[in-house]
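Keep in mind that the model is predicted.

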Amino acid sequence: MALNEALLKRLIETPGVPGREEQQREIAREELAALTDEVHTDPLGSVIGTKRGNGDVRVMVAGHTDEIGFLVKYIDDKGFLRLQTLGGHFPMNMVSQRVLVTTASGETLRGALQPQRKPPHVATEEDNKPPKVDEFFVDLGMPAEVVKEKVRIGDYAVMDRTLEKVGGRYIGKAMDDRIGVFVMLEALRAMGDHEATVFAVATSQEEVGLRGAEASGSALKPTVVVALDVTLAIDVPGGGNENEITALGKGAALKIMDGYSISHPKLVEHFRSIAEREGIPHQMEILPFGGTDAGGVQRLHGGIPAITLSIPCRYVHTPNEMVDASDVQAAIDLLARYLEEAHTGDYAL
Ligand SMILES: [Zn+2]
């Protein structure tokens, strides 16, 4: 079955950084309105679609809408922009990229993202040192007066990359975590009868510390939380088998642990048994660091059974984040089957 590429493209290419997810909220509201009974937006900017069930089980599904990005923090006399980073940027991946700056009037300006370095022709040894994050600036190609008219401190910027299909895989910026939002929406579309109430939450501010998910989890009081996020696939040169975490094309990944949460073992078993029964490709994931919305929500209300269903992704936090279409489909199938029978789960310890 082919993926819904039009939706994936819209999710990937629409800018949204932590705290400035307004354009993503529009997509979430539109999609969730068609797939759930009621949609509302909470004060931290997460969009919640509620699909009512008739039992006591309340499942919160969380996919984060924010992507790593930047805020404009200073505009110099020549019109160059200086940036505040939001989320984990690695300076080597920022060199000579292009960015899109969204202004207060809603205009999108394209610019070159460059480190303070001389051209190679005249570079000294000092210039060959790897740049630091705060050495970068944005060149919008416009006179300073025009830049200052259009851009304000606090306007936001993201990497400028379109979604592309390469072989059987998709690459683009912001696969982290629009692919999680995508899996959530497509699983809602694919699921059949259910008894559990499902809160489908397009969360905000994950990349700066799981803030949106904690706020919405606190209000919704779910009995189970399923986070959807990318995980590392280091099945590439320089990885090493025992360190690859996951591999592309081997299925959806069931997270056993990461730096912020140890998935509830009975919930992991429930997902695993469904995957085995339904023949859905899956792999087990142990990530020694990092975290997802599951880590934030599991600690609320005296503790909530939590799991992360991961989509393996190469080159995470670069503009070339790559996922395999079959892994995405596996995650959609597994989540849909789980939601249909979430009411049967017994996670008592
Ligand atoms: Zn993420």
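In this predicted model, helix H6 (residues 265–278) and helix H8 (residues 325–341) pack against each other at an angle of about 115 degrees, and their axes lie 10 Å apart. Because angles of 65 to 115 degrees count as roughly perpendicular, H6 is described as roughly perpendicular to H8.

**The contact of H6 with H8**

- The crossing in which H6 passes H8 is right-handed.
- On the H6 side, Leu267, His270, Phe271, Ile274, Ala275, Arg277 and Glu278 take part, and they meet Leu334, Arg337, Tyr338 and Glu341 in H8.

- An open sheet with mixed pairing is formed by 8 strands, which follow the order S1-S2-S12-S3-S13-S16-S14-S15.
- Strand S1 (38–41) and strand S15 (282–286) are the edge strands, each of them pairing on one side only.
- From one strand to the next, the twist averages 25 degrees.
- Strand S14 (residues 252–257) runs parallel to S15 and is joined to S15 by 5 bridges, and Lys255 stands opposite Glu285 in S15.

**Helices against the sheet**

- Helix H2 (residues 22–35) packs on the sheet, where H2 touches S1, strand S2 (47–51) and strand S12 (197–203), and the direction of H2 makes about 5 degrees with that of S2.
- Helix H5 (residues 211–220) lies across S2, strand S3 (58–64) and S12, and H5 runs at about 165 degrees to S3.

Notes: Residues numbered from 1 in each chain as written. Predicted model: local features only at pLDDT ≥ 70, side-chain atom pairs only at ≥ 80, totals over all residues. Heavy atoms only, no water. Pairing = 2+ DSSP bridges. Helix = DSSP H or I, 4+ residues; strand = E, 2+ residues; numbered from the N terminus. Axes fitted to C-alpha atoms, helices over the stretch in contact; angles between N-to-C directions. Contact = heavy atoms within 4.5 Å. Parallel < 35°, antiparallel > 145°, perpendicular 65-115°, else oblique. Left-handed = near helix turned anticlockwise from the far one by under 90°.
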